[in-house]
Amino acid sequence: MKPTRNKTQPRKTPAKVQSASRDPVKVFCRIRPLQNNEETCVKVISQTAVSLLPPEAGSSYRVANYKEIQHTFKRVFDDRATQKEVFDHVALPLVENLIHGKNGLLFTYGVTGSGKTFTMTGDPQNGGIMPRCLDVIFNSIANYQAKKFVFKPDRMNGFDIQTDADAKLDREKELHSVITLRTLKKKDSDTDLPQRAPDTTKIGSVDEDNTYAVFVTYVEVYNNAVYDLLEDIPEDTIRSRHLQVKIVREDASHNMYVHSVTEVEVKSTEDAFEAFYKGQKRKRMAITTLNSESSRSHSVFTIRLVQAPLDSQGENILQDKKAICISQLSLVDLAGSERTNRTKNSGQRLREAGNINNSLMTLRTCLEILRENQMYSANKMVPYRDSKVTHLFKNYFDGEGQVKMIVCVNPRVEDYDETVHVLKFAEMTQEIQMSQPLATKLDFGLTPGRRKANQIFKQALRKMEENGNGNTENIEVDIGLVYCLGPPFPCLELTEPSNDKLVNDLVTFLELRMNRKNLLLKDWQQKHECLRNKLIEVEKENIIAKQDGACSRVGLEQERKKTDALQARLMDSEATVMSLQHQIQQKEADLVALKQELEKKEMLLHQQMLDKEKLKQKYSDKIAVEKERNTFETHKRLKEQEIEFKTQMRDQETKLRKVKEILTKDGHSAVRPTRSVATLETKDIHTPVQPTRSAATQEIGNIHSRVLSQSSKRGPAVSNPRHRRSQSAGGEVWLDHRPANAVELGTIMQPIMKRRKSIAKLTDAKDVVNSKTSKYCLMTQEQDSSGELETRLYKADVLPTSGGGAQVVFNDVETLKQRSPNATPVRKRNASTSELKDTEAACAVAVEGHKRTRH
Ligand SMILES: Nc1ncnc2c1ncn2[C@@H]1O[C@H](COP(=O)(O)OP(=O)(O)OP(=O)(O)O)[C@@H](O)[C@H]1O
């Protein structure tokens, strides 16, 4: 930021260009003392280095696995450092610069409760940087202060010089209002300032030919809006905290300032303190978990030093606005960064914390981008406007004023995680190079030391007058400043008329006076002539200037109108911006809430998906197990069925083999069962055998067989109810062919074969032909699938053939099954199916080599 001159002066070249050198931002670290035997996580290594020891509970400890982090600063103040020590090292050079017309910015940064306010303000007995700065300034300029109201703020970041009369009028007005106010608040002890221990330091190198005035402003940045803490407003408005939001603007010299801020002219530290306490009462403070008096806003206390040179006589202020030099020192007490999870803030405190953290984040971002731009010659835009704090100090960061930072640290372990970030940022800030601006003082060709000379002269004159010493000629000539006729008239009391001496003395004195008068007159005439000539010149210039002035006035009037219109538009735009910012804040808050809700829902959804996945997995596993079990069981069942089937096949084969054997044994004649099977089921009682409708015909001897499809072609069935159970009741002879080891049936119902010839083996076909039998009965016995005995009687007619042989025509089968009453009933359908299959299989074997037709 540039030390400013009044807006009337032409715009200077930016200080960056004028700067002699670049210096890094000076960062100091102050460790505050611990309370109540708390555990520390900070170790001061040297006067410039500090080390952070991660506590076991800290998150960084877990990540970094106990790694000490060392930081280096311009100077580290341990917990025993005094306020004076800190001031002398950090702020005193800034005060010196201020007096020499250079700007400065000092801010305290750190976690909440780390001692920023203590360092900046302190307490009455142990004053911080701000009161000490004021003390030193007033100690230094005490003898050179201008009378009050000689300089008057023009509310555009500049100052006007008032005439003595105007200044006097203002002083009287103030006196009047002060008296009224004191009468009103007579008993109000609130305004009493606490007893202070002032700092006695004095800066020696003050320009004595200048006259000085000190102004202070006190603003706070709360929720990213600027408020004037010294604004003159009614008491009830103060209580309800309805301070007006102020706008940050740029002046004619491109310096940022708070528009229409109250600038209080102070003549002593006490005056400044009165203003400070007035503002302090309005500042937003609150009790939080981490600090009983926590600043909820960033406060900016600015000391502006206005200086103007004295005229050539060293007596009055040079009435030239261009000559005014304004420098300022801004002391910024930033609100503490805080993590909401630790502070447990809610509602307004939480919103405040959010805004505090946002503006601190913007400060960090701006400084990081600045550093990046400097280090890597990048040209990134620095987002100063994102926060009011950075916007206000844009000029400083752009290299037009000295910037210093005190990073305050509370060494307790609870603050470790936040302190890590704070120190990291502070260390990084040191890498930023700031141009050191030169103080710009215009040279008006005035003799240095004129104030002192004038004082000496006046003093000498006074002394001579006191001593009655008439020899003042030399002094007058030497100094050449006083235009007078010489010493006053001597005592000329004429007591005697003859007192010539007196007359002679008077004549001498008058002659001297006359000479002196002539001398002065001559000098005066010369000067008069000179002045007249100059006046003529000036008059000529004046006429030209007037003409120019008239033109300029017209132009100025137009410009003013334009400016007014622009200002009105600007005000509107700023109001719109404010309302938009407010809306944005609200929307951001809504967005955060919605985001949180979305996160919750996403988590829920995710959980549900997980559950679903688990369920799916569970059922897939189950299905797989079930499938495996089913496959296994199917295989097992198939195997069982295969085994059963094989067993059945084997049984069938055995049966057929037996039949075959029997048939082979009985002489190549074979009896094959027909498709139709009559089943005689017996439990305890034998039921009659049902007749079948088809028969298989097997030719034995000639070895040809044929299927009889018509029941009319065969004899009546043994069990046909229309016939007798057995045709053996007639005169026919039966060839009863049953195995030798046949099991005795022991049943009531027996086939009736009155005349029969029994054989156990049929080895030769002639046995059938020669025995003159007309009927043939073959008995087989075997176990069925349920282990029961099954007896079958295959019956046939023996018909003689033309070739002399015999044809055996099977026409009926009787099946006798014996079942235990306790046995599990076999499903009829299955049984019949299996029987049918058996018979078919038997027939298939029996009619081997012939086409089998099913009917
Ligand atoms: N160096 C110190 N010596 C003694 N006391 C200190 C020191 N620093 C801080 N304190 C004390 O610690 C407390 C908190 O300090 P302070 O209010 O200055 O913190 P802060 O950083 O300004 O907090 P916030 O950001 O919340 O405003 C105060 O009671 C203060 O007196």
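Which residues in α8 are buried? In this helix, the buried ones are Thr269, Ala272, Phe273, Ala275, Phe276, Gly279 and Arg282. Here "buried" means that 20 or more other C-beta atoms lie within 10 Å of a residue's own; with 12 or fewer a residue is exposed, and in between it is partly exposed, with C-beta atoms placed from the backbone. An α-helix has 3.6 residues a turn, so residues three or four places apart point the same way. Helix α8 covers residues 269-282, which makes 14 residues, and its first and last C-alpha atoms are 20 Å apart, close to the 20 Å expected at 1.5 Å a residue. That expected span is 1.5 Å times one less than the number of residues in the helix.

The model is a predicted one, so local features need pLDDT of at least 70 and side-chain atom pairs count only at pLDDT 80 or more, while totals for chains, interfaces and linings use all residues. Residue numbers start from 1 along each chain, following the sequence as written.

Now for the overall picture. The protein has 18 helices and 31 strands; these are DSSP runs numbered from the N terminus, with helices (H or I) of at least four residues and strands (E) of at least two. Of its 855 residues, 32% count as buried. Among contacts between residues at least 6 apart in sequence, 73% join residues at least 24 apart, a contact being two C-beta atoms, placed from the backbone, within 7 Å.

Next come the cores. A nonpolar core is a set of buried Ala, Val, Leu, Ile, Met, Phe, Trp, Tyr and Cys residues joined through C-beta atoms within 7 Å. The largest has 102 residues, and Cys29, Cys133, Ile137 and Val407 have the most contacts inside it. Strand β12 (residues 210-222) supplies the largest share of this core, nine residues. Another core lies apart from it, with 21 residues that include Trp734 and Val798.

The unreviewed UniProt entry puts a "binding site" at Gly110, Val111, Thr112, Gly113, Ser114, Gly115, Lys116 and Thr117; UniProt positions use the numbering adopted here, feature names are shortened, and annotations may be inferred rather than shown by experiment. Gly110 sits in strand β7 (residues 104-110) and is buried, because 27 other C-beta atoms lie within 10 Å. Gly115 is in the loop between β7 and α4 (116-120), and its 23 C-beta neighbours inside 10 Å make it buried. Not counting residues up to four places away in sequence, Gly115 touches Arg30, Arg32, Cys408 and Asn410.

Finally, there is an open sheet of three antiparallel strands in the order β3-β4-β5, where two strands pair if DSSP finds at least two bridges between them. Strands β3 (42-44) and β5 (69-72) stand at the edges with a single partner strand each, so one side of each has no neighbour in the sheet. From one strand to the next, the twist averages 25°. Four bridges join β4 (residues 49-52) to β5, and Leu52 stands opposite Ile69 in β5. Helix α13 (residues 416-429) packs on this sheet, touching β4 and β5, and its direction makes about 35° with that of β5. For such angles, axes are lines fitted to C-alpha atoms (for helices, over the stretch in contact), and values run from 0 to 180 degrees between N-to-C directions.
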